Amino acid sequence: QLGALQVYANYKRDPRAAVTMLLEAQTLGGSATAPRLFEVAGCRFDLGPELLGELMGMVESEIEALEH
């Protein structure tokens, strides 16, 4: 889910680039490590509080936008 949220955040910033990077990562399939797949997809393989905080802030903003 952390990867999916990062892909979504990337898509909101630059849809074309996000899709291109995701498709490139998918072509690697099982031939790459998880950290490498995240990197190619334009994401961070990180469970630290900084990234989690950024992603949760984005989710909260999205929920608020839907509620209004």
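Okay, some ground rules. Numbering starts from 1 along each chain as its sequence is written, and side-chain values use heavy atoms, with hydrogens and water left out. Since the model is predicted, local features need pLDDT of at least 70 and side-chain atom pairs count only at pLDDT 80 or more, while totals for chains, interfaces and linings use all residues.

Let's start with the salt bridges. By that I mean a side-chain nitrogen of Lys or Arg within 4 Å of a carboxyl oxygen of Asp or Glu. How many salt bridges does the structure hold? Three.

Take Glu-62 and Lys-12, where the closest N and O atoms are 2.5 Å apart. Glu-62 sits in helix H4 and Lys-12 in helix H1, so this pair ties together parts that are 50 residues apart in sequence. Helices here are DSSP runs (H or I, at least four residues), numbered from the N terminus. Glu-62 is partly exposed at 22% relative accessibility, and Lys-12 is partly exposed at 47%. For the cut-offs, buried means under 20% relative accessible area, exposed over 50%, and partly exposed in between, with a 1.4 Å probe and protein chains only.

Next up, Glu-54 and Arg-44 meet at 3.5 Å, N to O. This pair links Glu-54 in helix H4 with Arg-44 in the loop between H3 and H4, 10 residues apart.

Then there's Arg-36 with Glu-39, at 3.2 Å between the closest N and O atoms. These two are three residues apart in helix H3 (residues 34–40), so about one helical turn separates them. Arg-36 is partly exposed at 40%, whereas Glu-39 is exposed at 51%.

Now the largest pocket. A pocket is an open set of points on a 1 Å grid over the protein atoms alone, where a 1.4 Å probe fits, with protein on both sides within 12 Å along at least five of seven lines; lining residues have an atom within 4 Å of a point. It has about 200 Å³ of space, a volume being the space filled by probe spheres set on the points. Which helix gives the largest share of the lining? That's H1, with five residues.

Last, the surface: Tyr-11, Val-19 and Leu-23 form a nonpolar patch, and Val-19 belongs to helix H2 (residues 15–28). Patch residues have over 30% relative accessible area and no salt bridge, with nonpolar side chains joined within 5 Å and like charges within 9 Å.

Terms used: Accessible areas come from the Shrake-Rupley method with a 1.4 Å probe; for residues, only the protein chains shown count as cover.
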